[in-house]
Amino acid sequence: MSNDPRPDDDIPTLRPLPPADSEDDLRIEYADYGEPPARPPAPPPDPGFGFWMAVVWCLLYVVAMQIVAGLLFGIPIIFIAIAIKQVQGQPVPTDMAGIANDPVMGPAFLTILVFSHVAGLFFGWIILRWRCGRKRWQRRIALSRLPTRTHAVLVLIGLPAMLTLSAAVEQPIMRFVPSIEDISRALFGVRIDLPGIEALMPLLQKAPWPLALFAVAVLPAFNEEFWCRGFLGQGLSARYRNLGVVLIVSFLFGCLHLDPRQGLGAMLLGLAIHGSYLATRSLWTAIAVHGINNGVAVVHTNDALFPVLKPVENALEQAPLLTIASAALLFAGVCFALYQTRCRLVPETPGMPVWEPPDSAGVELPPPGSRTAVTHDPLSPVSVSFVLVGAIALGAVLAAYG
């Protein structure tokens, strides 16, 4: 494998300039800038914040999403839905199963969920602009850059493996991890029943699928990735190395789901999302993985759509060890390929100084005029072979048992 950085896509911002033929060419190239600096200037370091401050920020985020949005939007929507039911002369359901099957209360509940995520997204956007700067915040969280085609294809190939492994760990989580209701009864003798993923399933089954996709897949992907991978990730990267940032953000991502069962699954998903985010240096990768994961659940559950995960469920039931092993092989192959082709910063002109972000664990993109490009190595034969073997293995298992 060549060590020379060579982007393999036709995105202009990723393509380093051709090397100059002589020192005279370099001087002509820099004629408008004077002599090249020893190192491109970097912005002042951000003090960031630690774990406990991240917890405080998450509490404020929950208040904005649940309490403020509930008072401003949730209560009026519920009152309107109840008024419609009274005009129709029909009883108002009080349990989640009844709400899910009700043509008025079900969409009303999903509409509240939409406004909740809109409130969280607005709160995260305001805080990001305040902390990172009005002109810099998109570069700080790598929102202003799309992933390359190579990385996009790798992530798409890895999604079936991730979904299969998620389905495999779901049953042990449901069996051995207590719910918030179990914990509240054991510790305090009271029932705290939050609408977790189990309660949402009957609602997603009967709800209008465009509204369900928007409320459960599209908006949460933007909202939660802006907050977790974006805001929390850039703030913690000033204090911790990459591994520490990934673990803390994934843990808090799980805690934000409130219910331990749903939170543990979200935590494991967060590890995969954050790894792809760092490797591709693009928040759009994290948003896409998150949105597709949630969207597949909606498509699989909704009565008007196709049970897309049925082959995975059948394979896990008939050949669980073989299915998990093949999915793990493909997932490991994609992880290896993403790590081998992970993005890095290089000078546009070979031999010149490179701009570096102030946070070693951050993903900030180089500013205009820094003469620094984002690039990655091409896929090696080992990476390609690893991914192909895993894809063939999982595809064969799903074809045989799905």
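Two residues are said to be in contact when heavy atoms of theirs lie within 4.5 Å. The model is a predicted one, and in it N242, V245, V246, L247, V249, S250, F251, F253 and G254 of α10 meet G263, A266, M267, G270, L271, H274 and L278 of α11. Two packed helices are described by the angle between their axes and the distance between the axes. For α10 and α11, the table gives these values together with the handedness of the crossing.

| Feature of the α10 and α11 pair | Value |
|---|---|
| Approach of the axes | within 8 Å |
| Crossing angle | roughly 145 degrees |
| Handedness of the crossing | right-handed |

Helix α2, which covers residues 51-88, has 38 residues and spans 51 Å from its first C-alpha to its last, close to the 56 Å expected at 1.5 Å a residue. The helix is kinked by about 65 degrees, with the kink centred on G70, and after α2 comes G89, whose phi is positive, near 70 degrees. Among the buried residues of α2 are A54, W57, C58, Y61 and A64, and the buried residues of this helix pack against α4, α9 and α10.

Leaving aside residues up to four places away in sequence, L232 touches F49, A54, C58, W227, V249 and L252.

How values were computed: Residues numbered from 1 in each chain as written. Predicted model: local features only at pLDDT ≥ 70, side-chain atom pairs only at ≥ 80, totals over all residues. Heavy atoms only, no water. Helix = DSSP H or I, 4+ residues; strand = E, 2+ residues; numbered from the N terminus. Expected span 1.5 Å × (residues − 1). Bend = angle between axes of the 7 residues up to and from the residue. Buried < 20%, exposed > 50% of the residue type's maximum accessible area, 1.4 Å probe, protein only. Axes fitted to C-alpha atoms, helices over the stretch in contact; angles between N-to-C directions. Left-handed = near helix turned anticlockwise from the far one by under 90°.
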